[in-house]
Amino acid sequence: MAQPDVTLRLMTPADADAVASLQAASWRSAYRGVFTDHYLDHEADTERRQAWRARLHVGAAGSEWGLIAEDAADRLLGFAYVIPDRDPVWGDYIDNLHVAPALKGGGIGRRLMRGVATRLLHEGSTRPLYLWVLDVNTAARGFYERLGAEISDPQVSEPLAGQQHPVWRCVWARPSTLLDDA
């Protein structure tokens, strides 16, 4: 499959529904058998749409921001959402990173991670960068490890789809390492 031309831009409140739809599709692809089928098939789209509309309305006024990866036809291919300086020890937080399920493995996630690191460095951040990944998502853990993350600090998530799940913290002590092979 040919890799689409990918451009990155800042997320806006107008992106809320498309972002929600992509996240729900990503969850259906990655978490079938982890989240309930009822949630994935009947609740995820509406719940994610409400959450993203509220978040982007509030986030637009704060320091939170997101990056959209899109193709030449302005189709959403993936996104990342960042909360700078979320934790005094762990630093800047990637709250979400999703790529359209059919496009995983094509470099879009890597482009988003580089875009996040570039923007944070441009804003003057010298903090570490971190995110949480569900234990069952071995593909994502492998992706983050290939990008240089240290995987540690096993915990239990806040409720996702009505349940708590085992998670791992993925940390880049120096986010600039995400740009090393650019």
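Here is a short tour, grouped by topic. Keep in mind that this is a predicted model.

**The largest pocket**

- The largest pocket has a volume of about 1,400 Å³.
- Its lining is made of 48 residues, and Asp 95, Asn 96, Leu 97, His 98 and Trp 132 are the closest to the centre.
- Several elements give two or more residues to this lining, including helix H1 (16-30), helix H2 (37-59) and strand S3 (76-87).
- The largest share comes from S4, with 7 residues.
- Sorted by class, the lining has 27 nonpolar, 12 polar and 9 charged residues.

**The nonpolar cores**

- The largest nonpolar core counts 43 residues, and Trp 52, Val 116, Tyr 144 and Trp 172 have the most contacts inside it.
- There is also a second, separate core of 10 residues, with Trp 27, Tyr 31, Ala 44 and Leu 134 among them.
- Back to Trp 172: if you skip its neighbours within four places in sequence, its contacts include Met 113, Pro 128, Leu 129, Tyr 144 and Leu 178.
- Trp 172 counts as buried because its relative accessibility is 0%, which is under the 20% cut-off.

**Aromatic rings**

- Searching the whole structure turns up 9 aromatic pairs.
- One of the pairs is Tyr 31 with Phe 35: the ring centres are 5.0 Å apart and the planes sit at 35°, so this pair is tilted.
- Both partners are buried, Tyr 31 at 8% relative accessibility and Phe 35 with a relative accessible area of 2%.
- Tyr 144 and Trp 172 make an edge-to-face pair, with 6.0 Å from centre to centre and 85° between the planes.
- That pair links distant parts of the chain, as Tyr 144 belongs to helix H4 and Trp 172 to strand S7, 28 residues apart.

**Helix H4**

- Which residues of helix H4 (residues 138-146) are buried? They are Ala 140, Arg 141, Gly 142, Phe 143 and Tyr 144.
- Tyr 144 has a relative accessible area of 7%, so it falls under the 20% cut-off for buried.
- The cover over the buried residues of H4 includes strand S4 (91-99), helix H3 (108-122), strand S5 (129-134), strand S6 (150-156) and strand S7 (166-172).
- Just after H4, Gly 148 takes a positive phi of about 95°.

Note on methods. Residues numbered from 1 in each chain as written. Predicted model: local features only at pLDDT ≥ 70, side-chain atom pairs only at ≥ 80, totals over all residues. Heavy atoms only, no water. Buried < 20%, exposed > 50% of the residue type's maximum accessible area, 1.4 Å probe, protein only. Helix = DSSP H or I, 4+ residues; strand = E, 2+ residues; numbered from the N terminus. Contact = heavy atoms within 4.5 Å. 1 Å grid on protein atoms, 1.4 Å probe; cavity = no way out; pocket = protein on both sides within 12 Å on 5 of 7 lines; lining within 4 Å. Points joined across faces, edges and corners; volume = space filled by probe spheres on them. Nonpolar A, V, L, I, M, F, W, Y, C, P; charged D, E, K, R; others polar. Core = buried A, V, L, I, M, F, W, Y, C linked by side-chain atoms within 4.5 Å. Phe/Tyr/Trp six-rings, centres within 6.5 Å; stacked < 30°, edge-to-face > 60°.
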